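Student: Hi! I'd like to walk through this structure with you, bit by bit. Could we start as soon as it is on screen?

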Amino acid sequence: MSTYFDTAETRSADERAAAIARDLPMQVEAAKGLPGNAALAEVDPAAVTSAEALARLPVLRKSDLVAAQKARAPFGGLTALPVAGFAHVFQSPGPIYEPGGAGHDWWRMGRFLHACGIGRGDIVQNCFGYHLTPAGMIFENGARAVGATVLPAGTGQTELQAQAAHDIGTTAYAGTPDYLKVILDKAEEMGLPLGISRAAVGGGALFPSLRQEYADRGITCLQSYATADLGNIAYESPAMEGMIVDEGVIVEIVTPGTGDPVPPGEVGEVVVTTLNPDYPLIRFATGDLSAVMEGSSPCGRTNMRIKGWMGRADQTTKIKGMFVRPEQVAALVAKHDEISKARVIAERDGEMDVMIVRIESPDGGGGERYLSSVVDALKLKGRIEIVPPGSLPNDGKVIEDLRRYD
């Protein structure tokens with residue numbers, strides 16, 4: 001297997017700048033012509049030839065995307081193709097609709113899987129979800145790009161997952177960081193030896209202790225940073241020094257709530273412009289925090305590096321691989337007249353994410369009666385605790401992340 005996915009990964013800074021100067025104006029021109037991009041009406045695409053010029057354009061936020069989709073269903077007038085022109089349509093919590101293509105490496109995930117050492121001859125057990133949300137198809141598309149075979153496993157049915165991994169000779173895992181441990185432990189309990197030696201993970205934080213546990217079991221585990229809207233943004237290489245920005249996007253780090261770039265090394269919000277002509281998102285604010293790292297990776301890949309996911313610029317939090325948003329907590333409160341306030345708390349129990357939902361209610365008692373409402377609103381199960389009215393802090397928080405990322 002070649003060290004690199006393609007020659008773009010090792011371009012000089014001048015070569016990369018020249019490619020951006022060529023491709024970015026065309027992308028801005030395409031975006032400007034779409035009905036959902038009225039904010040770009042006064043922009044001269046020919047003048048947008050660098051990241052510095054890009055920084056003068058308006059930022060598109062997730063909330064803008066939701067409003068645009070309500071006005072022009074389902075994609076907000078932001079895609080170059082009609083709904084029937086895409087291979088897939090996905091629905092993420094919100095709801096937010098995302099298009100998906102089946103063309104070669106449409107989501108740009110092949111670059112990450114190649115960096116993981118996954119390629120022709122590998123069998124990838126893809127444990128990302130295939131139901132409505134796009135993660136399963138994002139990683140399957142990447143596996144096809146590197147020539148690997150895919151077991152579309154999804155989540156759940158852990159005994160069957162362990163049995164399948166043993167029977168077909170799974171060599172690589174794709175999924176959230178902690179679910180691989182569940183499969184490995186179940187296989188060990190069942191007396192089934194597995195041949196998994198590589199793991200490509202995303203959708204949640206990869207804690208150092210968990211990565212070390214996988215290493216102790218002979219599994220190299222690398223992580224990517226991707227979203228349903230943008231596809232792959234950045235990825236780890238075997239050097240494991242930060243995350244390398246993908247060649248198909250332009251990443252800026254800005255002061256949260258603004259579009260103003262921060263100095264290198266300073267933590268700020270990740271803003272991404274894609275070079276995908278089917279879905280030309282310009283300066284899309286992810287709501288995630290990160291920072292630029294100086295220099296380039298020792299692995300030889302030359303693009304900008306970021307420190308990876310460092311929290312959220314807003315209260316939206318990823319728990320068990322799923323985003324939980326403040327508006328979802330508000331929807332839970334609105335379902336019951338007796339609930340005055342609620343707070344979602346993210347914690348860790350060993351190597352697993354745990355969600356606690358504290359509900360202010362004068363009725364007291366157990367929280368079982370709210371279980372269906374919690375699952376309906378938050379799309380996740382969690383421990384429900386009933387507390388008296390006035391017990392939750394008056395600090396404006398509805399989602400609190402108590403997990404440590406160091």
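Predicted model: local features only at pLDDT ≥ 70, side-chain atom pairs only at ≥ 80, totals over all residues.

Student: OK, and which residues of helix H10 are buried?
Tutor: In helix H10 (residues 371-378), the buried ones are Ser373, Val374, Ala377 and Leu378. They cover an arc of only 100° around the axis, which puts them on the same side of H10. That arc is taken from the directions from the helix axis to the C-beta atoms. Buried means under 20% relative accessible area, exposed means over 50%, and partly exposed is in between (1.4 Å probe, protein chains only). Helices (H or I, at least four residues) and strands (E, at least two) are DSSP runs, numbered from the N terminus.

Student: What do those buried residues of H10 pack against?
Tutor: Their partners are strand S16 (322-324), helix H9 (326-334), strand S17 (341-349), strand S18 (352-360) and strand S19 (383-387). Contact here means heavy atoms within 4.5 Å.

Student: New topic! At what angle do H6 and H7 pack?
Tutor: Helix H6 (residues 158-168) and helix H7 (residues 179-190) pack at about 75°, with their axes 9 Å apart. H6 and H7 are therefore roughly perpendicular to each other. For the labels, angles under 35 degrees count as roughly parallel, over 145 as roughly antiparallel, 65 to 115 as roughly perpendicular and the rest as oblique. The axes are lines fitted to C-alpha atoms, for helices over the stretch in contact, and angles run from 0 to 180 degrees between N-to-C directions.

Student: Now the aromatics. How many aromatic pairs are there?
Tutor: The count comes to six aromatic pairs. Rings of Phe, Tyr and Trp (its six-membered ring) pair if their centres lie within 6.5 Å; planes under 30 degrees apart count as stacked, over 60 as edge-to-face and the rest as tilted. One of the pairs is Phe86 with Trp106, which is edge-to-face at 6.3 Å centre to centre, with 85° between the planes.

Student: Are Phe86 and Trp106 buried or exposed?
Tutor: Both Phe86 and Trp106 are buried. Ring pairs also link Phe75, Phe86, Phe90, Trp106 and Trp107 into a cluster.

Student: And what kind of pair do Phe128 and Phe139 form?
Tutor: Phe128 and Phe139 are stacked, 4.3 Å centre to centre with 25° between the planes. Phe128 lies in the loop between strand S3 (123-126) and helix H5 (135-145) and Phe139 in helix H5, so the pair ties together parts eleven residues apart in sequence.

Student: Last one: where is Arg198, and is it buried or exposed?
Tutor: Arg198 sits in strand S6 (residues 198-201), and Arg198 is buried, with a relative accessible area of 18%.

Student: Which side chain does the side chain of Arg198 join in a polar contact?
Tutor: The side chain of Ser197, at 3.1 Å. A polar contact is a pair of N or O atoms within 3.5 Å; within protein, one must be able to donate a hydrogen and the other to accept it, and residues adjacent in sequence count only if both atoms are side-chain atoms.

Conventions
Residues numbered from 1 in each chain as written. Heavy atoms only, no water.
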